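This report concerns the structure shown below. It treats an aromatic pair, a surface patch, a helix and a loop residue in turn.

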Amino acid sequence: MTMVELGPRQRVLLAETSRDIANIAAGATVFGQFLGERPFSPPIAIGGVILWVCVVIFAIRLMGKEEA
């Protein structure tokens, strides 16, 4: 199986984009609930926070990878 190798600039771009996606996901799942008609749902908010943490950790690990 072929694995995709990203260059340093590509990793930086992917990491920055991942952080943006994490912020959008958190905004939609946590803060977006206050704009809707349904009552606030703690499981959805917790899921949004967990998703945000996972994507940010992915971005940090991606930035921390060094060329061999």
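F34 counts as exposed because its relative accessibility is 59%; the classes used here are buried (under 20% relative accessible area), exposed (over 50%) and partly exposed (in between), with a 1.4 Å probe and protein chains only. The model is predicted: local features need pLDDT of at least 70 and side-chain atom pairs count only at pLDDT 80 or more, while totals for chains, interfaces and linings use all residues. Residues are numbered from 1 along each chain as its sequence is written, and side-chain values use heavy atoms, with hydrogens and water left out.

The whole structure was searched for aromatic pairs, and one was found. The ring centres of F34 and F40 are 5.3 Å apart and their planes meet at 20°, so the pair is stacked (centres within 6.5 Å for Phe, Tyr and the six-membered ring of Trp; planes under 30 degrees apart are stacked, over 60 edge-to-face, the rest tilted).

The residues below are assigned to the accessibility classes by their individual values.

| Residue | Relative accessibility | Class |
|---|---|---|
| F40 | 40% | partly exposed |
| V49 | 44% | partly exposed |
| T29 | 21% | partly exposed |
| Q33 | 13% | buried |

V49 lies in helix 2, residues 42-64 (helices are DSSP runs of H or I with at least four residues, numbered from the N terminus). Together with W52, V53 and I57, V49 forms a nonpolar surface patch with about 320 Å² of accessible area. The areas come from the Shrake-Rupley method with a 1.4 Å probe.

Helix 2 comprises 23 residues and spans 33 Å from first to last C-alpha, close to the 33 Å expected at 1.5 Å a residue (1.5 Å times one less than the number of residues). Its buried residues are A45, G48, V55, V56, A59 and L62, and their cover includes helix 1 (8-29).

T29 belongs to helix 1. Beyond four places in sequence, T29 is in contact (heavy atoms within 4.5 Å) with I44, A45 and G48. The C-alpha atoms of T29 and I46 are separated by 8.7 Å, at 17 residues apart along the chain.

Q33 is found in the loop between helix 1 and helix 2. With neighbours within four places in sequence left aside, the contacts of Q33 are A28, R38, P39, F40, S41, I44 and A45.

Note on methods:
Patch = residues over 30% accessible without salt bridge, like charges linked within 9 Å, V, L, I, M, F, W, Y side chains within 5 Å. Salt bridge = Lys/Arg side-chain N within 4 Å of Asp/Glu carboxyl O. Helix = DSSP H or I, 4+ residues; strand = E, 2+ residues; numbered from the N terminus.
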